[in-house]
Structures are given as C-alpha cells and as structure tokens.
Amino acid sequence: TAAAPEGTGTEIAAVLVVQLLSALASLLAWAACFKAVADGYLGRDPSVGRSLRFGLPKILRLLGLAIVTGIMVAVGFLGIIIGALFVAALVILSPAALLFERIGVFSAIGRSFELVRGRYWAIVLLVLVIFLAFLVIGVLFGGILGAIAGAAGSEDETAGAIVSFLSNTALTAVTTPLFAAIVTVLYFDQ
C-alpha cells in the first residue's frame with residue numbers, strides 16, 4: 001500500500017488529539033502545583049496524590065478559563081494595535097510641523113493634533129492604508145531577498161543576517177521617501 005500524503009485528515013486529527021492531551025496534562029500539572037504550593041504555604045505537607053486529586057476535577061474549568069483569558073488577551077492585543085493606529089493618526093503630521101514650522105518636539109505634537117482635527121477619521125484610514133501598504137512592501141522585499149538567498153543555497157547565520165540587513169535597507173530606501181511624500185502633502189493640504 002502507498003503511504004498517505006503528508007497532512008492527511010488522520011495526521012491532522014492525531015496532532016490535534018496530542019495537542020489537546022498535552023494542554024490538559026499541562027492544566028492538571030498547573031492545578032496540582034498550585035495545590036502543592038498552597039499546602040506548603042499553609043503549613044501542610046504537600047502530596048503528589050492529593051495535589052493531582054485536587055486538580056483533576058478542575059481541568060475542564062481551567063480549560064474554559066484558559067480559552068476565555070486567551071481571547072481576552074487577544075482582544076487586548078488587538079486593542080493595543082488599534083490604539084496605536086489612533087495615536088499614530090494624531091501625531092502623523094508632527095515631523096512636518098517640526099521641520100517646516102521650526103517648533104519644538106511637544107509643540108510639533110500639539111500642532112499635529114490641531115492639523116488633524118476635523119479630518120481625524122480620514123487620517124486614521126490613511127494611516128491604516130500606509131501601514132498595510134508598507135507591510136506588503138516589506139513582505140515582498142523580504143520574500144525576494146529570502147528567495148535569492150535560498151537559491152544561492154546559503155543556510156548559515158551570517159548569510160541570513162546579511163539578507164536581513166539588505167532587506168531592511170532596501171525597505172527603508174523605498175518606504176522613507178514614500179512616507180515623507182505622503183506626510184508632506186497631507187501637511188500642506190491641511
């Protein structure tokens with residue numbers, strides 16, 4: 001019989017089962033460790049058996065807790081990204097204000113707030129588009145230079161560092177003038 005191709009449904013199911021069992025075992029160990037530490041702290045002798053018996057009936061609740069708190073952390077992370085987007089929209093014109101109005105750091109930030117007022121949501125959208133465009137450009141540059149390094153057959157760390165440096169330099173050479181052009185035009189159009 002021929003071997004099943006990689007990534008078949010059976011292999012995927014096996015990996016999922018192993019991951020689930022691993023997660024459940026980790027949760028049991030977590031609960032048991034909490035019990036053992038609590039016992040020791042409260043002056044009782046910790047016992048492996050008692051700690052495992054304590055943790056076993058709580059595994060499903062711990063799994064639910066892990067899922068809910070994981071979602072909360074993911075939402076919080078997304079909130080950080082969205083918050084950063086909103087702050088970036090407020091300060092996007094500060095470099096132009098600092099350079100063209102000959103004002104200080106905090107005055108430039110304040111001036112950017114003034115210039116953005118009334119067009120905030122349009123600028124938030126613009127910042128999002130800039131971020132996504134630069135992300136695509138970065139992936140393209142990294143992919144092209146990575147493919148070149150792969151085609152050259154080099155797998156050592158020095159070659160990887162050189163590829164990373166060249167990719168970042170090329171990316172900066174493209175994105176810096178683009179960003180400056182976008183912000184300058186936006187500044188003068190306010």
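Ser112 is found in helix H5 of what is a predicted model, where local features need pLDDT of at least 70, side-chain atom pairs count only at pLDDT 80 or more, and totals for chains, interfaces and linings use all residues. Residues are numbered from 1 along each chain as its sequence is written, and side-chain values use heavy atoms, with hydrogens and water left out. Helices here are DSSP runs of H or I with at least four residues, numbered from the N terminus.

Back to Ser112: its relative accessibility is 0%, so Ser112 counts as buried (buried is under 20% relative accessible area, exposed over 50%, partly exposed in between, with a 1.4 Å probe and protein chains only). Once neighbours within four places in sequence are set aside, Ser112 is in contact with Leu90, Val91, Ile92, Leu93 and Ser94, contact being heavy atoms within 4.5 Å.

Ser94 also turns up in the packing of H4 against H5, where Ser94, Ala97, Leu98 and Glu101 of H4 meet Val105, Ala108, Ile109, Arg111 and Ser112 of H5. By class, this contact has 5 nonpolar, 2 polar and 2 charged residues; Ala, Val, Leu, Ile, Met, Phe, Trp, Tyr, Cys and Pro count as nonpolar, Asp, Glu, Lys and Arg as charged, and the others, Gly among them, as polar. As for geometry, the axes of H4 (residues 94-101) and H5 (residues 105-116) come within 8 Å and cross at roughly 120°. That makes H4 oblique to H5 (angles under 35 degrees are roughly parallel, over 145 roughly antiparallel, 65 to 115 roughly perpendicular and the rest oblique). Axes are lines fitted to C-alpha atoms, for helices over the stretch in contact, and angles run from 0 to 180 degrees between N-to-C directions. The H4 and H5 crossing is right-handed, meaning that the near helix is turned clockwise from the far one by less than a right angle.

The loop between H4 and H5 holds Arg102, and this residue has a positive phi of about 50° although it is not a glycine. Most residues other than glycine have a negative phi. Arg102 counts as exposed because its relative accessibility is 78%.

On the H1 side the contact is made by Leu28, Ala31, Ala32, Lys35, Ala36 and Asp39, and on the H2 side by Arg50, Ser51, Leu52, Phe54 and Gly55. These residues divide into 6 nonpolar, 2 polar and 3 charged.

With 33 residues, H3 (residues 59-91) reaches 47 Å from its first C-alpha to its last, close to the 48 Å expected at 1.5 Å a residue; the expected span is 1.5 Å times one less than the number of residues. Its buried residues are Ile59, Leu62, Leu85 and Ala89. H7 (residues 157-188) has 32 residues and reaches 46 Å, close to the 46 Å expected. Buried in H7 are Ala159, Val163, Ser167, Thr175, Val183, Leu186 and Tyr187.

Thr175 of H7 is buried, with a relative accessible area of 11%. Leaving aside neighbours within four places in sequence, Thr175 is in contact with Phe134 and Ile137. Thr176, also in H7, counts as partly exposed at 46% relative accessibility. The C-alpha atoms of Thr176 and Cys33 are separated by 52 Å, with the two residues 143 apart along the chain.

Terms used:
Helices (H or I, at least four residues) and strands (E, at least two) are DSSP runs, numbered from the N terminus.
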